[in-house]
Amino acid sequence: MSGNVSEWCQDWYSAYPGTDTTDYSGPTTAQQNLEKVVRGNSFSGNAAASEVSARGSAELYNAFNFIGFRVARW
């Protein structure tokens, strides 16, 4: 799904490992930073962030008008 905001994810952020990985979820606890993964496209003005497959990070204690969240149940 895509929309006009990027989405906070449950995963803690870390760089991808050097090996092939499917559904990488990062470390199980926060390491040095308190950054969560942010995925998807947004209207932030950043060309890279406009891609549906965009992946970045954001600190938990900041608020942004281009990051939201989706309530999902599995």
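Modeller: We can go through the strands, the sheet and then a few single residues.

Colleague: Fine. What kind of model is this?

Modeller: This is a predicted model. The mean pLDDT of the protein is 75, and 77% of the residues score at least 70.

Colleague: Which elements have the lowest and the highest mean pLDDT?

Modeller: Among the elements, the lowest mean belongs to β4, at 80, and the highest to β2, at 84.

Colleague: How many helices and strands are there?

Modeller: The protein has four strands and zero helices. Along the sequence that reads β-β-β-β.

Colleague: And in what order do the strands sit in the sheet?

Modeller: The order is β3-β2-β1-β4, in an open sheet of four strands with mixed pairing. That leaves β3 and β4 (67-68) as the edge strands, each of which pairs on one side only.

Colleague: Mixed how? Start with β1 and β2: which way do they run?

Modeller: β1 (residues 6-12) and β2 run antiparallel, joined by three bridges. As one example, W8 has V38 in β2 as its bridge partner.

Colleague: How many bridges are there between β2 and β3?

Modeller: Five, and the pairing of β2 with β3 (residues 55-59) is antiparallel. Here V37 stands opposite S57 in β3.

Colleague: And β1 with β4, parallel or antiparallel?

Modeller: Parallel, over two bridges. In that pairing, E7 faces G68 of β4.

Colleague: Back to β2. How many of its residues are buried?

Modeller: Four of the five residues in β2 (residues 35-39) are buried, so the strand is mostly covered, where buried means under 20% relative accessible area. For the protein overall, buried residues make up 23% of the 74 residues.

Colleague: Is E35 buried or exposed?

Modeller: E35 is buried, because its relative accessible area is 15%, and the cut-off for buried is under 20%.

Colleague: What does its side chain make a polar contact with?

Modeller: The side chain of S57, at 3.0 Å from the side chain of E35. S57 is the residue that stands opposite V37.

Colleague: Which other residues does E35 touch, leaving aside its neighbours within four places in sequence?

Modeller: E35 is in contact with W12, Y13, S57, A58 and E59.

Colleague: Where is W12, and why does it count as buried?

Modeller: W12 is in strand β1. It counts as buried because its relative accessibility is 18%, against a limit of under 20%.

Colleague: How far apart are W12 and V38?

Modeller: Their C-alpha atoms are separated by 9.7 Å, while the two residues are 26 apart along the chain.

Colleague: New topic: what about F69? Where is it found?

Modeller: F69 is in the segment after β4.

Colleague: And why does F69 count as exposed?

Modeller: Because its relative accessibility is 63%, and exposed means over 50%.

Colleague: How far is F69 from V38, in sequence and in space?

Modeller: They are 31 residues apart in sequence and 9.3 Å apart in space, C-alpha to C-alpha.

Colleague: What share of the contacts joins residues at least 24 apart?

Modeller: It is 54%, counted among contacts between residues at least 6 apart in sequence.

Colleague: Last one. What does the accessible surface come to?

Modeller: It comes to about 5,700 Å², and 51% of that belongs to carbon and sulfur atoms.

Methods: Residues numbered from 1 in each chain as written. Heavy atoms only, no water. Buried < 20%, exposed > 50% of the residue type's maximum accessible area, 1.4 Å probe, protein only. Contact = heavy atoms within 4.5 Å. Areas by Shrake-Rupley, 256 points an atom, 1.4 Å probe, with all protein chains shown as cover. Pairing = 2+ DSSP bridges. pLDDT = per-residue confidence, 0-100. Polar contact = N/O pair within 3.5 Å; in protein donor to acceptor, adjacent residues only side chain to side chain.
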